[in-house]
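Colleague: Please take me through this model, starting with the ligand.

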Amino acid sequence: MIVVMKIGAPEAEVSRLGAEFEELGLSPEKIVGKTKTVIGLVGDTVDLDALQLQEMSPWIEQVLRVEKPYKRVSREYRHGEASEIAVSTPAGVVLFGEGCPIVTVAGPCSVENESMIVETAHRVKAAGAKFLRGGAFKPRTSPYAFQGHGESALGLLDAARQATGLGIITEVMDTADLDIVAAAADVVQVGARNMQNFSLLKKVGAQDKPVLLKRGMSATIEEWLMAAEYILAAGNPNVILCERGIRTFDRQYARNTLDLSVIPVLRSLTHLPIMIDPSHGTGKAEYVPAMAMAAIAAGTDSLMIEVHPNPAKALSDGPQSLTPDRFDRLMQELSVIGKAVDRWEAVPALA
Ligand code: PEP
Ligand code: MN
């Protein structure tokens, strides 16, 4: 941190501040310029609040933070190396990370009944997906909209898991449900609306299952990384960051604005793996393929795509869901780009 003093700040005040900074456990380094004096603060400043420091003297012009407020999620924390997250599924371990093949997660927005979830699971697996997604507990804007089948849907996800060997990703909305969701899931999803539910973040950080942390719809990248920092600080290092579109001024044509620029930005800031969700990102099935292809070209580690056997009849997010046939074709289209970036694994032939 750098403390910039106002022009004419008395020397005695600069010394008094220096002593106060030392009491905070910091090493102040004074640099006297032509018109202004600045104090560089060396030490652990992560917990310090710049605005609060400013209150220490009326002679402080501004306090600048030069280091990042997050630590464990930062790329430097792992000496510049990306982390690989290994997720156990019935079909084996799946790796997420910068040096790994792209992992595709697919399935309906909500788990509606056994036949639809099992049928969808078989179809997305045949197309090359490694994980089945599907909400049991649904965060809906309207209290009158379908809220998900809750615990019983977790049992249906398990049936699909057993039938296909796919890993399961499903959302936890409430700390009270975490135990049952974590028991059913191979990766626990924290949704956009809960990205800053700090008690939930602490709880998912204190359990063992990897966590998929979606970006809040109006969250800055720093807020998102700080949310991930909560999970790592609570003891769980296995967090995947999922961009799912943010709010911008134009919502007429696309549901959200899919921020693909986060891919290179996150790559430079954090070691955590990246997932892109073009389904919630655009809200329209016809826009999903283009954004999925762009995400691979831009370097994503994984994709989340909503797939429903009959989108017109879906209980949630039908308009953005691909049919299984369209998903099949999409995976073939994606394979061209995936191979070009040397991150595509051939789909094993069905037994
Ligand atoms: C979902 O994945 O179905 C979902 C509700 O996503 P988000 O939290 O990104 O809106
Ligand atoms: Mn959805």
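Colleague: How do the residues of the shell around ligand 1 divide into nonpolar, polar and charged?

Modeller: This is a predicted model, in which local features need pLDDT of at least 70, side-chain atom pairs count only at pLDDT 80 or more, and totals for chains, interfaces and linings use all residues. Residues are numbered from 1 along each chain as its sequence is written, ligands are numbered from 1 in the order in which they are written, and side-chain values use heavy atoms, without hydrogens and water. Asp, Glu, Lys and Arg count as charged, Ala, Val, Leu, Ile, Met, Phe, Trp, Tyr, Cys and Pro as nonpolar, and the others, Gly among them, as polar. The shell then holds three nonpolar, three polar and seven charged residues.

Colleague: How much of the accessible area of ligand 1 does the protein cover?

Modeller: Oxygen atoms of ligand 1 lie 2.7 Å from a polar side-chain atom of Arg 133 and 2.9 Å from one of Lys 214. On its own, ligand 1 has 290 Å² of accessible area (Shrake-Rupley method, 1.4 Å probe). The protein covers 97%.

Colleague: How far apart do the C-alpha centres of domain 1 and domain 2 lie?

Modeller: The bounds, from an automatic or database domain assignment, are 2–65 for domain 1 and 85–340 for domain 2. Their C-alpha centres are separated by 45 Å.

Colleague: What percentage of the residues of the protein chain count as buried?

Modeller: Buried means under 20% relative accessible area, with a 1.4 Å probe and protein chains only. Of 351 residues in the protein chain, the buried share is 51%.

Technical notes: A polar contact is a pair of N or O atoms within 3.5 Å; within protein, one must be able to donate a hydrogen and the other to accept it, and residues adjacent in sequence count only if both atoms are side-chain atoms. Buried means under 20% relative accessible area, exposed over 50%, partly exposed in between (1.4 Å probe, protein chains only).
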